[in-house]
Amino acid sequence: MNNNTILQVSDLYVAYGSIQALHGVCMEVHKGELVSICGVNGAGKSTVLKAIAGVLKPRSGSIRFKGKEVAGSKPEQLHKMGMALVPEGRDIFPSLTVEENLRIGAFGRRLDKSYAADLEDLFSLFPILKERYHQAGGLLSGGEQQMLAIARGLISNPDLLMLDEPSLGLSPALVDQIFELIIELKSRNITILLVEQNAQRALGIADRAYLFSNGRIEYSGRPQELMDNVDITSVYLGGQNGGDV
Amino acid sequence: MNAQILLEFAINVLSMGSLYALISLGLVFVFGICKLVNYAYGEFITVSAYVLYFLGVFTGLPWLLVFLFGILAGVAVGFFSELVAFRPFRERSLDALLVTSFAVSVILQRLFQLGISPRSKAVPVPAFFNMNIQILGVITPLRNLLIIGTTVVLLTVLVLIMKYTTLGVAMRGASENFVTARLMGVPANLMISVAFIISGFLAGVVAIFWSARTGSVEPMMGGTPLLIGFIAVVIGGMHSLPGSVVGGYVYAFISNVLSLTLPSSLLSFRDAFMFAIVIAFLVLKPEGLLRGNYQEERVG
Ligand SMILES: Nc1ncnc2c1ncn2[C@@H]1O[C@H](COP(=O)(O)OP(=O)(O)OP(=O)(O)O)[C@@H](O)[C@H]1O
Ligand SMILES: [Mg+2]
């Protein structure tokens with residue numbers, strides 16, 4: 001582990017009761033990288049993000065974030081340390097306004113000039129949020145809710161942004177928009193761990209990728225190496241011709 | 001004459017409804033955050049009432065201070081019961097918490113019985129509370145107007161806190177989705193402590209007006225307000241703070257209408273009618289009048 005490593009997961013085991021979901025996962029993310037996790041439904045992609053973010057307590061194994069051992073820490077502590085998870089299914093607060101959703105995303109932050117400046121910056125990425133600023137989150141469309149969920153993750157200026165299936169359930173045009181946004185965030189040097197079922201798109205923009213299967217890492221490496229393996233593509237990677245079930 | 005009856009009815013509904021609204025609000029604050037139906041809530045009220053009794057009888061403190069300490073006692077019992085009894089079990093199941101709240105309730109009742117007295121004690125009430133006031137020909141004790149005014153002030157303050165402070169916004173977020181709120185950096189312990197503190201505060205205010213109405217305090221007194229809180233919450237909706245307030249006033253309205261309309265031979269069955277209405281609510285409108293946004297999820 002060099003000091004460029006922001007996240008290092010070693011030999012991680014996570015279970016839901018008696019159901020073992022992760023069997024010894026090892027992975028790492030370096031500063032400024034865009035790392036993608038792919039795999040079919042139930043492969044354990046969300047589980048690994050939840051364990052990293054502190055929502056699930058690992059049975060064993062180690063999670064080091066910015067050089068500190070954090071396995072078993074509370075989600076609020078990890079957020080304070082600089083993690084942000086944009087959960088699968090967005091999970092915005094439906095009765096709270098866009099403004100209030102963002103304010104919770106910035107919890108622990110002073111609502112001062114720098115907050116206002118960051119908000120303006122977010123509005124340039126998501127103009128719709130400015131329009132809808134005082135509307136209840138539950139009244140936004142699916143795409144707008146996803147924008148809000150990502151903005152809510154970004155407002156804390158995280159050192160590691162984790163996105164769990166941000167394109168899920170969105171129209172093709174909106175999926176394009178989300179991927180353009182991720183590229184923009186990457187160009188701003190934000191470290192991103194991206195879970196996607198839309199593997200072809202994700203591999204197209206990622207620096208490195210992990211392929212999950214049955215709670216294990218099946219492959220890891222450069223996207224090109226993964227895509228070159230056609231067998232893997234048809235079985236695991238989904239995309240245009242199947243597997244996306 | 002008719003206008004007078006109407007005004008008297010309105011004062012009765014509003015004063016009773018205000019008290020009931022505060023009772024059910026105290027229950028729902030904790031439920032919203034923890035998804036816990038806190039059976040010990042009635043004993044929060046009893047603790048405050050005993051403090052009012054002791055300070056009122058054995059000290060010469062001015063009323064305002066007696067009330068203040070009574071409320072502080074409610075806050076303290078809310079805060080510490082969460083710390084000692086609920087926090088250690090929070091990671092377990094919600095059922096464990098429910099049983100814990102029964103235990104806290106029974107333990108406190110026994111403590112009152114053994115440590116104070118199983119008999120009821122007269123709680124001194126400031127004279128101005130029972131002073132009769134005449135408004136447009138209607139005579140009513142001042143405490144009826146005081147509870148209405150107090151409730152208006154408290155509700156206004158609570159609305160302002162929940163709407164405009166970051167803590168209040170976080171509490172509303174946490175009651176909609178606790179885990180997501182934590183992922184945004186909202187500390188679980190802080191949210192739950194604040195919910196119990198507000199619940200205890202409301203129990204303290206309720207104790208003042210409850211013991212002024214009944215004139216006494218006894219170990220088991222918490223049962224009745226707890227039941228009232230449950231009924232108001234069933235009517236108004238368990239998942240919404242405004243709903244619980246509405247439920248309190250609707251309960252008072254129905255109860256007063258029953259008192260006015262039931263023939264005197266049936267009046268002793270008023271509560272039975274009330275329960276029938278509650279059952280009808282549970283069958284026809286199980287989510288209550290105001291639904292609120294929530295996720296059926298426990299606090300882990
Ligand atoms: N709350 C839970 N209780 C029990 N088992 C669960 C729970 N959540 C997930 N699992 C199981 O753990 C395994 C991994 O689930 P996970 O949600 O991590 O998959 P995923 O890769 O994110 O899938 P998807 O693409 O559908 O989001 C699955 O077998 C799933 O059935
Ligand atoms: Mg998932």
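1. In chain A, β2 (19–30) and α1 (45–53) each supply at least two residues of the shell around ligand 1, and α1(A) gives the largest share, 3 residues; helices (H or I, at least four residues) and strands (E, at least two) are DSSP runs, numbered from the N terminus. This is a predicted model, in which local features need pLDDT of at least 70 and side-chain atom pairs count only at pLDDT 80 or more, whereas totals for chains, interfaces and linings use all residues. Residues are numbered from 1 along each chain as its sequence is written, chains are lettered from A and ligands numbered from 1 in the order in which they are written, and side-chain values use heavy atoms, with hydrogens and water left out.

2. Turning to the chains, the contact (heavy atoms within 4.5 Å) takes 21 residues from chain A and 25 residues from chain B. On the side of chain A, Glu76(A), Arg103(A) and Phe107(A) lose the most area to chain B, together 31% of what that side buries, where buried area is the accessible area (1.4 Å probe) that two parts lose on being put together, summed over both.

3. The rule finds 2 salt bridges across this interface, a salt bridge being a side-chain nitrogen of Lys or Arg within 4 Å of a carboxyl oxygen of Asp or Glu. Arg182(B) and Glu76(A) meet in a salt bridge through their side chains (2.7 Å, N to O).
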